[in-house]
Amino acid sequence: MVILNRSPALVGRMFRSSTPLISPLRYLPTTPTSALRFASAKAFEPIEKSAYQKFSDKVKEATFIRPSIWLLSGVTITILTTYSYIMAAQGYIALTDEESLQAYTPTDPQEIEANNYISSHPLATSLRSNPAFSEARPTLKIADKYKHLSFTAGTLAGPGKIVVPPLTFVEDGGKSMVQIFHLGEQLCGHPGYIHGGMLATILDEGLARCCFAALPNKIAMTASLTVNYRKPSPAGSYVVLKAKTVKVEGRKAWVEGRIETLVGEGEEPSVLVEANALMIEPKQAATLKKIIPDRKLEVRA
């Protein structure tokens with residue numbers, strides 16, 4: 001109760017009056033049943049919407065799209081995207097392992113020097129003569145029109161970077177693998193030293209490639225990769241990646257590997273990076289294998 005005039009006479013008259021001037025209690029329910037009815041009536045009493053709310057309702061009605069239409073649109077887009085991908089992927093792998101060895105002709109002086117050194121290195125010649133190993137240049141197997149979409153076969157390839165396509169030797173059954181690289185000056189983190197992320201990228205792809213043949217459909221994706229850096233890797237140097245598959249269980253393969261300096265016969269290499277990884281073949285690998293067939297297997301068949 002608000003008293004606007006605080007004069008003693010008015011206050012006295014109010015308290016002396018048998019009927020209060022303002023009595024809010026007379027409108028409140030006095031029994032539990034009436035209290036319930038009162039609360040229910042007030043709770044469900046319609047509230048007049050503001051002009052803004054009315055306008056918002058009209059906009060929602062005008063722009064409403066049924067969930068079934070959203071679902072149909074999503075399915076249609078997925079089908080069209082998948083179809084486009086399948087059609088494009090049919091020509092993604094253009095060469096066999098054997099063909100990839102003849103697909104590279106260096107023209108830059110740095111490329112010519114690096115290619116001759118790698119191809120004639122004692123490690124390469126010894127692996128080439130071992131019947132348990134097959135030789136290839138995997139980055140050259142990708143069709144030219146798709147190489148710009150590949151990180152290692154396109155973006156990182158060329159003079160000053162991965163100077164020549166690495167020579168790769170894979171042991172039968174995916175037991176082990178050896179790759180020889182020349183890493184240029186444009187791959188540095190700190191000036192003069194190869195970026196650690198570059199070395200991790202090489203290990204990521206190399207360890208996966210090592211275990212391809214050990215998995216049912218010869219496809220693997222990296223589930224985990226642990227990298228331990230041992231020494232700085234000088235830019236403009238030759239390195240070799242060595243990997244081996246240590247365990248295979250169904251669609252899973254555990255692989256270990258390291259990057260070390262490429263040295264001459266009788267010399268002790270320096271280990272630059274070590275890594276271990278868990279590679280998993282996707283559940284859809286059998287379908288993916290049909291979309292992107294292995295040309296090497298087709299030729300042998």
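Author: What follows starts with the chain and then turns to one glutamate and its surroundings.

This is a predicted model; local features need pLDDT of at least 70, side-chain atom pairs count only at pLDDT 80 or more, and totals for chains, interfaces and linings use all residues. Residues are numbered from 1 along each chain as its sequence is written, and side-chain values use heavy atoms, with hydrogens and water left out.

The chain has 11 helices and 7 strands. These are DSSP runs, numbered from the N terminus: helices are H or I with at least four residues, strands are E with at least two. Buried residues make up 32% of the 301 residues. Buried means under 20% relative accessible area, exposed over 50%, and partly exposed in between, with a 1.4 Å probe and protein chains only.

Now the glutamate. Glu281 sits in the loop between strand S7 (271–280) and helix H10 (285–291). Its relative accessibility is 2%, so Glu281 counts as buried. What does Glu281 touch, leaving out residues up to four places away in sequence? The list is Leu215, Pro216, Asn217, Lys218, Ile219, Ala220 and Arg251. A contact here means heavy atoms within 4.5 Å. One polar atom of the Glu281 side chain lies 2.7 Å from the backbone nitrogen of Asn217. The C-alpha atoms of Glu281 and Gly250 are separated by 8.7 Å. Along the chain, those two residues are 31 apart.

Lys218 is one of the residues that Glu281 touches. Lys218 belongs to the loop between helix H9 (196–211) and strand S4 (221–229). Its phi is positive, about 60 degrees, although Lys218 is not a glycine. Lys218 is partly exposed, at 30% relative accessible area.

Lys247 lies over the face of Trp254, 4.8 Å from the ring centre. The rule asks for NZ of Lys or CZ of Arg within 6 Å of the ring centre and within 35 degrees of the ring normal.

Tyr117 and Tyr238 form a tilted aromatic pair, 4.4 Å centre to centre with 40 degrees between the planes. Rings of Phe, Tyr and Trp (its six-membered ring) pair if their centres lie within 6.5 Å; planes under 30 degrees apart count as stacked, over 60 as edge-to-face and the rest as tilted. The pair links helix H6 (residues 109–120) with strand S5 (residues 237–249), and its two residues are 121 apart. Tyr117 is partly exposed at 35%, whereas Tyr238 is buried at 18%.

Definitions and conventions. A polar contact is a pair of N or O atoms within 3.5 Å; within protein, one must be able to donate a hydrogen and the other to accept it, and residues adjacent in sequence count only if both atoms are side-chain atoms.
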